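Hello,

Here is the structure I promised to send over. Have a look at it first, and my notes follow below.

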Amino acid sequence: MKSKLYYVLYFLYAIVVAFVLYLNGVFTGEEISLVNLVINIGFLVIIGILFAISSISFGRLNRVTYDLEEAAFRLQKQYKEAEGKNLWGNYKDNAKVFEEEELQAAFDKYRLRVKGARSKRGAGVSCDLEEYINEDLLDRVGMNFFNSGVSGTLTGLGILGTFLGLSMGLGAFSGDDIFTISDNVGSLLSGMKVAFHTSVYGIFFSLVFNVVYRSIMSDAYEVLNEFLTVFRQTAQPNAVKEDDSLATMLIYQAGMANSLKQMLDMMKGNAMEQTEGVERIVDKFTEQMQTALDADFKKLGNALKKAGESQAASAVNAAEMVEAVTVLVEVNRNVQEALAKVMERQEVFAGQLAEQKKMLADACSDMSDEISSQIYTFEQMRNLYEK
């Protein structure tokens, strides 16, 4: 299976490490260039770290791929046992559908979406599982953001090793004549050895990793498409048909119409009682205020009676209600004018009362002074008389 192909990277990596060590004389007992060996080991360690991180992502992707394969196989088996019956009823409330958390979380979101779409008046809309379990999910699980750059990184390491080896060789190369130049050829070749070795295994690993990575992702996409196809055939929840949706809407509208009819009947009874009460109040109020504002309150009574009759009759008499309200506004304006005149008269009367009160107080004061004077005079005369 292609999902196991990344194990090839470990095998090739071990071969390249052994080959590099052999070329540097580790196994042959030849003279070892410590600098070359350190550079090559450093590059191989970096490549090994990249392979280790990629292997972790490939392992996660494999588990997800296996889970999708098992789910597809399980759906086909259950669909066959159910004799072609849709299996959504078995999965809409099933808490555990996938073993992997990423797939289970995505499927739970899909179930919530389907339940939410069917919660209003029983209607539903079409919703595809591919909106939640798709290639983007596999790319996220397989760390596509990282693995897509590993191949270029390996090529870049090979090129970096090339320039590093050439710099080392040219830096140690010096001489003005053929004798001194021949003595420095060894250091130049040693640097070129580093350059070629790093370039070879950098580009080699880049090509191999690119093939392995693309094969694994292609296999995962293929399994995903197979699972989605099986799910659509066996367990995809059916959207409500147009005729069913129309029937549901008609039933809902009929129920609403019945409820509104009952409310109108109740409001009609209350309106009759309110109208009778208003008529009684208007009659009594008109009788009491007839002497003060005869013509105006007659209009007010007639307007209120018309308003009550129009309210009890039907909505057709709405125009009469508007006219009655207009008359009522006019009457209210007349009442306000009459009340304003009454208030003015009361203010004048209050002023007159204040003046009369003051005059009466003054008269009482004068009378009190006069009586006091007379009593004093009377006392004086009585004293004289007694003497």
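A word on terms to begin with: a residue is buried under 20% relative accessible area, exposed over 50%, and partly exposed in between, using a 1.4 Å probe and protein chains only. Please keep in mind that this is a predicted model, where local features need pLDDT of at least 70 and side-chain atom pairs count only at pLDDT 80 or more, while totals for chains, interfaces and linings use all residues. Residues are numbered from 1 along each chain as its sequence is written, and side-chain values use heavy atoms, leaving out hydrogens and water.

Ile49 sits in helix 2; helices here are DSSP runs (H or I, at least four residues), numbered from the N terminus. Because its relative accessibility is 48%, Ile49 counts as partly exposed. Together with Ile41, Val45 and Ile53, Ile49 makes a nonpolar surface patch of about 310 Å². Patch residues have over 30% relative accessible area and no salt bridge (a Lys or Arg side-chain nitrogen within 4 Å of an Asp or Glu carboxyl oxygen); nonpolar side chains are joined within 5 Å and like charges within 9 Å.

There is also a negative surface patch, formed by Glu69, Glu70, Glu99, Glu222 and Glu226. Helix 2 (34-81) and helix 7 (178-234) are the elements that each give two or more residues to this patch. Glu222, in helix 7, is exposed at 53%.

Thr234 belongs to helix 7 too, but is buried, with a relative accessible area of 4%. Beyond neighbours within four places in sequence, Thr234 is in contact (heavy atoms within 4.5 Å) with Leu75, Tyr79, Lys85, Asn86 and Leu87.

Best wishes

Conventions
Areas by Shrake-Rupley, 256 points an atom, 1.4 Å probe, with all protein chains shown as cover. Lys, Arg positive; Asp, Glu negative; His and termini not counted. Charge placed at Lys NZ, Arg CZ, Asp CG, Glu CD.
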